[in-house]
Amino acid sequence: MAGLLWANRFLKKDIELIPELASEESDLDSDYETIRAAYGKLPNTFLAFLPILAPILLICIASIANLPALPFGESGLYAAIIFLGTPVIALAVGLIAALFLLRGKGKLEMFGERVNEGIRISAPILLITASGAAFGAILAASDLTDFLGTTLSTLCLGLAVPFLISAALKTAQGSSTVAMVTTSVLLLPLLPALGLDSDLGKVLSMLAIGAGAMVVSHANDSFFWVVSQLSRIPVATAYRTLTPATAIQGVAGFAAVWVIGLIVL
């Protein structure tokens, strides 16, 4: 809800923040009509959504198969589900499903054009995203992570401690996963001293760590580049909109956890 309220602040300012959208909007409308007219009869809803839904369903089913209860057993079916649910394989299945949507003559030429366009658009995003992740990995391997965790863990602020440690680590090195895992390791022996060693205390600590792992996304976070580049948002605009949004969402999430803590702890 906090993120939605923040986004609504820019609802009437999108053209001002991103001037390119003003000129591109009419081009997109005309391009859509041209493509639709050239395509002919549109596919049914199932075939249209299959390239998107197939990878998601395969990955979800593989996650279910990996549950401790092993609902599909450990037979050949299990191995097949895990193989098809591997993200790269699942995306390949989605790509194959998309090939059936090609229409008309010159399908090979059309396929080549789509591949070239996809590579042209995605290659810079992949390179920038990988660079941001590499920068974050370098920071995570430095002494900065240990220093922040050790320093903040000495503060006796209850639920604010896991939030502050996680937020500091996320902001410093960019990876939410590293921030959550590192904070969990640092926090576990401190739970009794913080009064959070009960079952509810552990749950709320986990939620506070998750909220802290959202604060804040900037240049060392691959998520920042994925959103800004795929949305064609200039970096300066992303810093004015996306970065504050992650901070607001993380703080709002922790505020909710803190209120719950006041009631149940």
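The model is predicted: local features need pLDDT of at least 70, side-chain atom pairs count only at pLDDT 80 or more, and totals for chains, interfaces and linings use all residues. Residues are numbered from 1 along each chain as its sequence is written, and side-chain values use heavy atoms, with hydrogens and water left out.

**Helix H4**

Helices here are DSSP runs (H or I, at least four residues), numbered from the N terminus. H4 covers residues 45-65. Its 21 residues should span 30 Å at 1.5 Å a residue, and its end C-alpha atoms are 28 Å apart, which agrees. The expected span is 1.5 Å times one less than the number of residues. A kink of about 55 degrees is centred on Pro-51. The bend is the angle between axes fitted to the seven residues ending at a residue and the seven starting there. Pro-51 is also buried, as are Ala-54, Pro-55, Leu-58, Ala-62 and Ala-65. Buried means under 20% relative accessible area, exposed over 50%, partly exposed in between (1.4 Å probe, protein chains only). The buried residues of H4 pack against H5 (76-85) and H6 (87-99).

**Cores**

A nonpolar core is a set of buried Ala, Val, Leu, Ile, Met, Phe, Trp, Tyr and Cys residues joined through side-chain atoms within 4.5 Å. The largest has 20 residues, and Leu-159, Phe-163, Leu-187 and Phe-254 have the most contacts inside it. H9 gives the most to this core, with 6 residues. A second, separate core of 5 residues includes Trp-225, Ile-233, Ala-238 and Leu-242.

**Aromatic pairs**

The whole structure holds 3 aromatic pairs. Rings of Phe, Tyr and Trp (its six-membered ring) pair if their centres lie within 6.5 Å; planes under 30 degrees apart count as stacked, over 60 as edge-to-face and the rest as tilted. Two of the pairs are listed here.

| Pair | Centre distance | Plane angle | Type |
|---|---|---|---|
| Phe-224 and Trp-225 | 5.2 Å | 90 degrees | edge-to-face |
| Phe-224 and Tyr-239 | 5.0 Å | 45 degrees | tilted |

Phe-224 lies in H13 and Tyr-239 in H14, so their pair ties together parts that are 15 residues apart in sequence. Phe-224 is buried at 0% relative accessible area, while Tyr-239 is partly exposed at 36%.

**Backbone**

Most residues other than glycine have a negative phi, and most peptide bonds are trans. Leu-70 has a positive phi of about 50 degrees. Leu-70 sits in the loop between H4 and H5. A cis peptide bond joins Val-215 and Val-216, with omega about -20 degrees.

Methods:
Helices (H or I, at least four residues) and strands (E, at least two) are DSSP runs, numbered from the N terminus. Contact means heavy atoms within 4.5 Å.
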